[in-house]
Amino acid sequence: MPVWELSSAARVVPPARPRKLAKVPFVELADGRLQGVVSSGSDAGRVYVSSIATGTYAFACSTNNNRPCGGARGSFCNHIRALVGEAVLQYGAERVARYLKADTGETPGTETDAHRLVALMTATRPAQGDTSAAAPVFSRFLRHLAYLELEPTTAPLPEMQWFPPTRTVA
Ligand SMILES: [Zn+2]
C-alpha cells in the first residue's frame, strides 16, 4: 500500500496549470456549484464568495460578511469571471464545462477556454441565485488554509475521520 493511502491528511490536487493564488485563493467544484473565494480587486482586506450553479448557471456573489456584490446584478461580475478563469487553470476547461453541464459543442481539435465558457453561460441569461452558500464556502476556505499549514503526517487527524478511505480496486 502506498504511504499516502495510510495518511489521513487529504492531498491537495495539483492544478492542471499554475494558478495565481492571490487572486482566487480557493476554488472548488462541489455541492452542484462552481464556487470559491475571490480577492477584491481594490481592497486587499476584502474577499468575495462567488458561485455558479450546475445546469442553470444561477450565479451569486457576496462578501464574506454577506454583503451583496455590486457587480453581480443582471450578469456575471468580475469576481465570477475570475473564478471561472482560475477553475479552468485548476481543473481544465473540459472538466469545468462537464461539471457545470455546459454544452460547449466541441468540435475535435478546438479547445474550450474560460472566455468561451463564460460567453456560453452568459448567453443563456442566467438568473441571480441566492448567497446562502457563501458562509459554508467561506468556512471551508478557512479550513482549507488551516490544512495547508499542517505538515504532511500519517498520524490520525480526528477531523478527517469522516473522510472515506481511498482504495484502488486491483
Ligand atoms: Zn462579485
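## The zinc site

Cys69 is buried, with a relative accessible area of 4%, where buried means under 20% relative accessible area, exposed over 50% and partly exposed in between, computed with a 1.4 Å probe and protein chains only. Cys61 is likewise buried at 4%. This is a predicted model, in which local features need pLDDT of at least 70 and side-chain atom pairs count only at pLDDT 80 or more, while totals for chains, interfaces and linings use all residues. Residues are numbered from 1 along each chain as its sequence is written, and side-chain values use heavy atoms, with hydrogens and water left out.

The zinc ion is coordinated at 2.1 to 2.3 Å by the SG atoms of Cys61, Cys69 and Cys77 and by ND1 of His79; donors are N, O and S atoms within 2.8 Å of the metal (3.2 Å for Na, K and Ca), and sites may look incomplete because water is not among the atoms. Along the chain these donors follow the spacing C-x7-C-x7-C-x1-H. The angles that the four donor atoms subtend are 104 to 115°, so the arrangement is tetrahedral (for four donors, all angles between 85 and 135 degrees).

## Helix α4

Within α4, residues 114-122, the buried positions are Ala114, Leu117, Val118 and Met121. Seen down the helix axis, these buried residues fall within an arc of 95°, so they line one face of α4, the arc being that of the directions from the axis to the C-beta atoms. Their cover includes β3 (47-53), α2 (78-91) and α3 (93-99), with contact meaning heavy atoms within 4.5 Å.

Methods. Helix = DSSP H or I, 4+ residues; strand = E, 2+ residues; numbered from the N terminus. Tetrahedral: all angles 85-135°; square planar, octahedral: opposite > 155°, others 65-115°.
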